[in-house]
Every structure is written in structure tokens, then in C-alpha cells.
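Please look through the structure shown here before reading on, and keep it in view while the paragraphs below lead from one part to the next.

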There are 2 protein chains.
Amino acid sequence: MDLEDLTIPGFEALALALTQNNDTRLRELVENAQTADLATFLLNQDVDTCLRVLRVLEQQGQAELLGYLDIETQLDIAELMPDQELAELLIRMPADDRVDMFNRLGTRQQDALLRRMVKEEQDELRSLSSHEEGTAGALMTSDYAVIPVGSKVEQALAYLRATAPDAETIYQLYLLDDEHKLVGTLSLRDLILARPDTAVSELMTRDVLAVHVDTEQEDVAKLISRYDLLAIPVLDGEDRMVGIITYDDAMDVAEEEATEDIHKSATVGKLTDGLRKSSLFTLYRKLAGWLVLLVFVNLFSGAGIAYFEDIVATYLVLIFFLPLLIGSAGNAGSQAATLMVRGMATGEVQLKDWAVMLGREVAVASALGLTMAGAVAMVAYYRGGPDIALVVALSMVSVVVVGSLVGMLLPFILGKLNFDPATASAPLVASIADVTGVLVYFSIATFVLGLTATA
Amino acid sequence: MDLEDLTIPGFEALALALTQNNDTRLRELVENAQTADLATFLLNQDVDTCLRVLRVLEQQGQAELLGYLDIETQLDIAELMPDQELAELLIRMPADDRVDMFNRLGTRQQDALLRRMVKEEQDELRSLSSHEEGTAGALMTSDYAVIPVGSKVEQALAYLRATAPDAETIYQLYLLDDEHKLVGTLSLRDLILARPDTAVSELMTRDVLAVHVDTEQEDVAKLISRYDLLAIPVLDGEDRMVGIITYDDAMDVAEEEATEDIHKSATVGKLTDGLRKSSLFTLYRKLAGWLVLLVFVNLFSGAGIAYFEDIVATYLVLIFFLPLLIGSAGNAGSQAATLMVRGMATGEVQLKDWAVMLGREVAVASALGLTMAGAVAMVAYYRGGPDIALVVALSMVSVVVVGSLVGMLLPFILGKLNFDPATASAPLVASIADVTGVLVYFSIATFVLGLTATA
């Protein structure tokens with residue numbers, strides 16, 4: 001399903017207003033559009049158009065839209081925009097988006113922007129931007145809602161109304177002590193449903209699930225999804241609360257991580273800027289590494305054939321079934337590896353399950369191998385007679401079972417050695433299955449055809 | 001990263017309390033645990049243990065935990081539990097979980113349970129369970145928070161306190177007319193931050209983004225993620241509001257859909273019950289279809305070799321490089337297909353972009369082909385002399401480009417024909433790349449070696 005189908009009408013009208021330079025119409029359309037839709041529209045526009053659309057909005061709207069744009073467009077805009085204007089937009093952006101953009105700017109521009117901010121804004125930006133990408137610290141926002149520890153429900157609500165309009169969410173509220181350590185948390189729901197004179201300390205949960213600034217973003221997303229949280233607090237090295245991460249950022253991370261896992265499954269490296277926006281050279285770099293490495297794995301298949309040169313020369317018909325057999329081994333291996341890697345990524349399969357999974361894999365792979373042997377035996381009989389049919393059928397069962405076991409065990413072994421199980425990509429497993437397939441096939445051929453030749 | 005690492009300690013203590021039949025300790029542990037953690041713990045326990053742990057909780061807690069369990073465990077429990085007890089838990093479960101479980105029960109038990117419910121509960125369950133799995137109707141809950149259209153902020157808050165404690169979320173509020181049609185929506189945040197005597201009709205958004213009961217769950221998840229929604233309303237065929245879907249269900253759907261996409265990328269069919277819980281026969285059925293189909297695609301590779309039998313017999317050394325060349329074509333094709341399929345799934349790449357993507361693909365694939373040709377040419381030179389090196393290098397560039405183009409274009413063609421682009425799985429692309437690789441390789445060999453033979 002294509003996101004195009006989900007697009008709310010209005011893109012054509014926007015394009016028309018832009019080409020006709022109809023500023024009144026443009027303003028009307030832009031002001032009534034959803035920020036996410038405007039960002040999608042601008043994805044395919046040049047930077048001048050982006051600036052024109054952006055400047056239609058008042059500052060707060062500009063800051064919000066800027067936060068929605070992809071990083072490449074943000075940088076293009078930053079290049080064209082005067083530093084003062086950019087600084088004003090930056091401080092109005094949600095803290096997490098602000099840091100993402102700031103971190104990608106050049107040092108000169110970073111300094112120029114910092115000079116245009118007041119002391120607290122500078123400090124906040126410096127501290128937020130110090131966290132490594134991919135960690136909770138880089139993902140969090142410092143705009144969260146705090147209520148006073150000693151207050152009653154009614155006071156807390158009044159405090160919230162006065163202080164929290166800028167908070168990323170006010171649905172999860174935090175209570176801090178004098179050292180800025182997290183004392184408890186409370187949902188706005190509990191606050192609203194409680195009697196006005198109840199003390200918030202009676203309502204709050206003391207045992208708060210939190211992450212640290214250096215927790216991996218993938219784990220943050222998993223925690224939020226697992227416990228159906230609206231937001232999770234982030235603590236620094238001294239356990240002081242420094243920010244929150246909200247469910248919508250967790251959803252984006254989950255999508256990002258799924259993309260990374262899918263790419264890994266085909267030996268594609270991490271594409272920070274996506275498929276369309278990455279430069280051709282980046283794309284080349286992210287694809288070439290494993291491809292070249294696998295060339296050397298595949299050379300072993302050739303060496304295997306060379307080792308069996310005599311039987312190949314005698315029974316040339318064996319070669320006709322080679323692509324089929326090693327392809328099938330590779331396909332079965334890819335299936336097994338993909339199932340295991342995803343099962344381990346979602347937590348459905350754990351390292352300690354390897355023995356159970358092995359038993360299941362042997363059973364299923366044997367059934368698959370027999371089915372495929374049946375499918376190909378007739379062709380082999382017709383093409384090369386009963387001996388070749390026997391060799392091909394036996395080989396098919398063996399290579400499918402071996403390929404499946406390679407695919408199933410490799411992610412476990414990698415996981416056990418503290419590597420990412422996802423390194424067991426379909427191409428890697430297929431290449432290993434190719435090599436073992438060649439050896440198994442010609443060994444069986446030597447055995448069966450050798451026997452019948454002397455009979 | 002494994003979910004095990006995220007587990008809050010306590011599983012060992014739980015297991016100990018169970019084996020020691022220490023009911024006091026068990027109660028203490030169960031009552032203090034997070035529901036999601038209890039569900040994870042019960043994933044590896046037998047049904048009797050599940051029942052024991054369940055019955056420690058009071059009814060509301062039991063219903064909640066039951067909703068968190070996987071469907072197989074739910075059904076095992078349903079089999080052992082008296083109908084009256086089960087009916088009472090069912091009506092306390094969140095409406096969406098309740099329907100999921102109810103739909104998988106046998107007809108006899110469904111009737112027995114319905115008989116034990118009051119009329120309204122029966123009607124609600126019948127109506128919710130009528131929606132097809134995978135649609136918004138099957139995903140939604142009917143427990144949402146409504147506020148009266150004509151009320152002021154203060155009245156609306158009082159109304160909410162009185163009516164909404166059971167609602168799935170009270171952070172998004174809905175305003176309905178007499179025919180139950182959606183008039184507007186309002187966030188609790190806006191309500192809280194507004195002056196008490198403001199009319200809610202002034203605060204509400206009239207232009208509400210909503211889905212229909214038969215909207216695919218994948219699209220619902222995309223909308224929620226795209227617009228950072230907390231919940232999205234669901235309308236029936238006559239545009240009456242019948243439920244909401246919340247962000248946490250959207251997160252689960254997104255994970256489910258990512259798993260489905262990843263499985264498809266390796267020709268694995270949809271596993272409703274997951275990898276561990278699926279029966280061996282189900283697993284066999286979901287894997288065998290494409291594997292057998294690809295056997296017949298791969299047979300064409302054999303036919304290709306047969307067609308070039310003469311040159312193969314003359315230059316047996318060509319065979320040594322066959323697995324390498326077709327493997328590399330398959331790997332490059334898998335990479336290209338995986339990038340395109342994922343790009344189209346996330347909406348980053350759209351059907352109309354095919355020409356741009358084609359140009360980029362040709363450029364990157366050529367560079368990759370040249371790199372890999374360089375890597376292998378030396379080996380080919382050493383093994384077969386300059387002619388063979390030339391054949392292998394030329395073939396490598398060609399098959400990598402052809403394989404990449406197959407991988408890149410197939411998802412577009414499938415999408416254009418209204419098939420799922422994800423059908424362009426790595427094994428399918430690799431198998432097609434194998435066939436074309438055989439033809440390209442031996443054609444080049446015939447051409448080059450034919451020329452030099454007569455020179």
C-alpha cells in the first residue's frame with residue numbers, strides 16, 4: 001500500500017497556487033493543511049519553494065514544519081536563511097528536532113546561531129547535542145511537564161495550566177526532588193479522575209520505568225511499545241531527570257529500526273538519509289562491502305567444483321542441476337535465517353531456545369527437501385536416467401536440510417558471540433549454502449555414480 | 001538486542017514461589033509486577049501455571065493479564081476455565097482484546113458465553129466480532145470518551161470524570177450528534193488549558209481525520225504514525241462513530257506488518273501465530289509454496305546451460321566461475337529489490353519515481369559490477385588465463401547490472417499491476433538473476449572465446 005493513497009487532497013491546489021504566484025490562495029491552503037502533509041508535499045520541491053511555503057506561516061508554525069522536514073531539506077534551508085531568522089526558528093522547534101538539525105550544521109553556523117541565543121537556550125542546546133546519535137539522549141526532549149511534589153490535585157492542575165503549555169506532552173507528569181531526581185510519576189488521567197483535595201503523592205507511582213541518556217534508541221522504543229507507555233523519562237549519569245521520549249518518537253524509531261533490519265537482511269548498510277536522498281557514492285559504499293566479501297565466499301564454490309573436476313567432466317549432465325540445487329539450498333537457508341533473525345529481533349525467539357528450534361527446523365526442512373526432491377526427480381530422470389535422478393533427489397533433500405540448518409544456526413551463533421544476529425543475511429546464508437551445496441552434491445554423485453559404475 | 005536484557009528482575013523469584021507453592025510470596029510478586037512482564041513470564045509456562053498466576057489477581061487484573069497473553073495461551077485457558085468465570089473476565093477485558101479472543105473460540109463456547117452476558121454486552125460483542133481480521137473494525141475498541149456538544153469546559157470535565165473511567169483513552173475526546181455522527185474532536189490538553197467557561201464547540205476541531213471499519217489496519221497504523229495521533233476514530237458504513245484505535249495498537253500493528261514484510265522478503269507466508277507457536281505443518285505450508293515454485297524457475301538455469309553444452313564441454317573451467325557469477329547477480333538483485341520494496345512500503349519511493357530510481361540504479365550497479373569484476377579477474381587469470389579472465393570480468397559487470405535492474409524494476413512492475421511489490425522477494429529475484437546470469441555468462445563466453453579461437 002502506497003502512502004500516496006493516504007494523501008489528503010490539496011497537493012495539486014498547492015502546486016497551482018505556487019505556479020500562479022497566488023499568495024492569498026497559498027496562504028489559505030498552507031494555513032489549513034496538516035503539518036505532516038505540508039512536509040510530504042515539500043519532499044519533492046526545490047529549496048526555494050520550501051522557503052516560500054515556510055514563510056507563509058507564523059514563526060511557531062514555521063518552526064513546527066521545519067521540524068517535520070527531512071534533514072537534507074533542513075540543511076538546504078539553513079544555508080539560504082539568515083542566521084538571525086534561523087536562530088529564532090530553532091529555539092521554537094521541539095527540543096529533539098532542534099538538536100537533530102543543529103548537530104548537522106557546520107561549526108561556523110553552529111557558533112553563529114549560538115551567539116544569537118540567550119544563555120539558557122545555549123546551555124540546553126549544548127547539553128542536548130552532546131549525546132551520541134541513536135541513544136536516548138539524542139532522541140529525548142527537555143520539554144516535559146513537572147508538578148510540585150507536595151501539591152494537591154487542584155493545585156497541581158493549576159500549576160500545569162500555568163507552566164506546561166510548551167511541554168511535549170502533559171499526559172504524563174513527573175515529580176522531582178531538590179536534586180532533580182525522579183520521585184514519582186502520574187498520568188493526567190489519574191489527576192483528572194481524582195478528588196481535587198487528594199495529595200498527588202498519594203496518586204503517584206514511585207516505581208518509575210526510566211532509561212538512561214546512553215540507552216540505545218531501539219531499546220527505548222521496545223520498552224515504550226511493550227508497556228504501552230505515552231512517554232518514558234530519561235536520566236543522566238547521576239540519575240537526574242533530563243528529558244522524556246514520547247510514543248510518537250518511539251514509533252519513528254521502530255520504523256527506522258525495521259528498515260535497518262530489512263536492509264541488513266540483504267547486506268545493505270545503514271542509510272542515514274534514506275534511499276532517495278543518499279548520494280550515489282554513499283549508496284555504492286553501503287552496498288559494495290558485503291558484495292565483494294561474498295565474491296570470496298563464492299570462490300569456494302568454484303574451488304569445490306574444481307576438486308570434483310573428474311566426475312563433472314565424466315557426467316556433464318550434473319552441471320545442469322547445479323544452479324537448481326545450490327539455488328534451492330540458498331532459498332531454504334534464506335527462509336530459515338529470516339525467520340530466526342526476525343524472531344530474535346522481536347523477542348519471540350531467545351538464545352536459549354536453540355535446541356527446540358533446531359528440532360523443529362530439521363523436521364520442517366526434511367519435509368521441504370522431500371517435496372522439492374519429488375518435484376525435480378522426474379525432470380532429472382527424463383534428462384539423465386535413473387542414476388542421475390537418484391543423485392539429484394538425494395542431493396536436493398541433503399542441501400535443503402543443510403542450507404536450512406546453516407540459516408537457522410548462524411543467527412544463534414552470531415548472537416551467542418555477541419554479534420548482531422541480523423548479520424546472518426539472506427545473501428551470506430545463500431553463499432554459504434552454495435558452497436556446502438556444491439560439496440554435498442558432488443560427494444553424493446561420486447558415491448552413487450561410482451557405485452553403479454563398478455556394479 | 002534481545003528482549004531478555006530488558007526484563008525486569010523477578011522471573012526467578014516468581015518461578016521459585018511457584019515451585020515452593022508459596023502462595024503469600026506468589027501473591028506479593030504477582031501484584032507488584034507489570035502486566036506486560038507477567039505475560040512475558042507466562043509465555044514459557046504450562047497452562048496450569050498460567051491459571052494459577054491469573055487467579056492470584058482480582059477480576060480486573062485477571063482480565064487485563066488475559067488480554068496481554070498470546071492467543072494460543074488464551075485458548076488453552078478458555079478450555080480449562082468454567083464458562084461463567086470466563087464470561088466475567090471477557091466482559092472486563094478491553095473491547096479489542098475481548099473480540100480477538102472471542103473470535104477464536106469454538107461456536108459452542110461462544111454461545112455459552114453470550115448466554116451469560118446481558119443484552120448490551122452481547123450486542124457489543126456480536127457487532128465488534130463481525131469485522132474481518134486485519135481491518136480497523138477488528139482492531140478498534142468501543143470504549144472511547146465522549147463529551148456533550150453543548151457543554152462548557154468545566155461541565156465537560158465533570159462529565160468526563162463521571163463517565164469515562166473505563167475509556168481506553170481520555171486524552172482524545174469526541175463530540176457526537178444525535179445520529180451518533182462525529183461532529184468534532186478535542187484533546188484533553190486543550191480542555192485543561194482552556195478557561196473553564198469556554199464552550200467546547202469553540203475549542204474542538206471540526207475537520208477530523210477518521211477511518212472506516214473496513215480500512216486496512218496497516219493504513220490505520222500509518223495515519224496514526226504520520227500525524228502523531230493518540231487515537232483515530234472509526235466510522236461505520238453510515239459514517240456513525242463506532243470506535244477508536246489507539247497509538248499502542250498502531251505500534252503493535254506496525255511491528256506485525258514489519259514482520260510480515262520481512263518474512264515476505266524471503267518468501268515466507270504469513271504466520272498468524274508466530275514462529276514458535278505455529279505447528280510444524282503450518283510452517284511447512286508457509287515455506288513450501290514459493291520454494292517449489294522457484295525450483296521450476298531454477299530449472300531454466302539448467303536449460304540455459306544445456307543450450308550452451310558445447311562451450312561448457314570445451315572450456316570446463318567456465319563452470320568454476322558459474323556459482324560465483326550467478327551468486328553475485330543474485331546478491332546484487334536482492335539488495336536492489338530489498339531497497340525498493342522497503343522504500344515503497346514506507347512511502348519514501350513512489351511508483352512515479354521509477355525513472356529517477358532506474359538512472360541511479362544503473363550508475364550504482366555499474367560501479368559495483370566493476371569493483372567485483374576487479375576482485376575476481378585476478379583469480380580468473382590465474383585459473384584460466386587472459387581469455388577466461390576477460391570473459392569472467394565482462395560477465396561479472398553484466399550480470400551485476402542485469403541482476404540489479406531485475407531487483408529494482410520487479411517491485412515497480414508488480415506495484416503498477418496492483419500486486420504487492422513485496423512479492424519481489426530476495427529468492428525470487430535471485431532465481432531470475434540466476435537464469436539471466438547463465439545466459440549472459442555463456443553468451444559472452446561464446447562470443448569472446450569463439451573470437452579468440454579463430455584468431
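A salt bridge is counted here when a side-chain nitrogen of Lys or Arg lies within 4 Å of a carboxyl oxygen of Asp or Glu. Side chains of opposite charge can pair when their charged atoms come close. The model is a predicted one, and over all its chains it holds 26 salt bridges. One of them joins Glu260(A) to Lys270(A), whose closest N and O atoms are 3.7 Å apart. This pair links distant parts of the chain, since Glu260(A) belongs to helix H16 (residues 247-264) of chain A, while Lys270(A), 10 residues apart from it, sits in the loop between H16 and helix H17 (274-277).

In chain B, a salt bridge joins the side chains of Lys270(B) and Glu260(B), with 3.8 Å from N to O. Here too the pair links distant parts of the chain, with Lys270(B) in the loop between helix H16 (247-264) and helix H17 (274-277) of chain B and Glu260(B) in helix H16, 10 residues apart. Lys270(B) has a relative accessibility of 45% and therefore counts as partly exposed, as that class lies between the limits of 20% and 50%. Chain B also has a salt bridge between Glu238(B) and Arg240(B), in which the closest N and O atoms are 2.8 Å apart, and Arg240(B) is partly exposed, with a relative accessible area of 32%. In chain A, a network of salt bridges links Asp236(A), Glu238(A) and Arg240(A).

The next step is to look at how the two chains meet. The size of an interface is often given as the accessible area lost when the parts come together. Between them, chain A and chain B bury about 11,400 Å², and 65% of this area is on carbon and sulfur atoms. Counted by residues, 123 of chain A are in contact with 124 of chain B. There are two salt bridges between the chains, one of which is formed by the side chains of Asp37(A) and Arg226(B), at 3.2 Å from N to O. On the side of chain A that touches chain B, 71 residues are nonpolar, 27 are polar and 25 are charged. The chains also share 36 residue pairs in polar contact, counting pairs in which both residues have a pLDDT of 80 or more.

What lies around a single residue that has a neighbour across the interface? Ser301(B) is in contact with Pro323(A) as well as with Asp434(B), Val435(B) and Val438(B), leaving aside its neighbours within four places in sequence. This serine is found in helix H18 (residues 280-307) of chain B, and Ser301(B) is buried because its relative accessible area is 0%, under the limit of 20%.

The largest of them has 160 residues, and within it Leu188(A) and Leu188(B) touch the most other members. Residues up to four places away in sequence aside, Leu188(B) touches Tyr171(A), Leu188(A) and Ile192(A) in chain A, together with Leu157(B), Leu160(B), Ile170(B), Tyr171(B) and Leu173(B) in chain B. Another core lies apart from it and has 115 residues, among them Leu271(A), Leu322(A), Phe442(A) and Val448(B).

Most residues other than glycine have a negative phi, and most peptide bonds are trans. Asn418(A), however, has a positive phi near 65 degrees, and its place is in the loop between helix H22 (354-416) and helix H23 (426-454) of chain A. Asn418(A) counts as exposed because its relative accessibility is 72%, and exposed means over 50%. Asp228(B), which is not a glycine either, has a positive phi of about 50 degrees. Its place is in the loop between helix H15 (217-226) and strand S5 (231-235) of chain B, and at 27% relative accessibility Asp228(B) counts as partly exposed.

Notes. Residues numbered from 1 in each chain as written. Chains lettered and ligands numbered in written order. Predicted model: local features only at pLDDT ≥ 70, side-chain atom pairs only at ≥ 80, totals over all residues. Heavy atoms only, no water. Helix = DSSP H or I, 4+ residues; strand = E, 2+ residues; numbered from the N terminus. Buried < 20%, exposed > 50% of the residue type's maximum accessible area, 1.4 Å probe, protein only. Contact = heavy atoms within 4.5 Å. Buried area = accessible area lost by both parts, 1.4 Å probe. Polar contact = N/O pair within 3.5 Å; in protein donor to acceptor, adjacent residues only side chain to side chain. Nonpolar A, V, L, I, M, F, W, Y, C, P; charged D, E, K, R; others polar. Core = buried A, V, L, I, M, F, W, Y, C linked by side-chain atoms within 4.5 Å.
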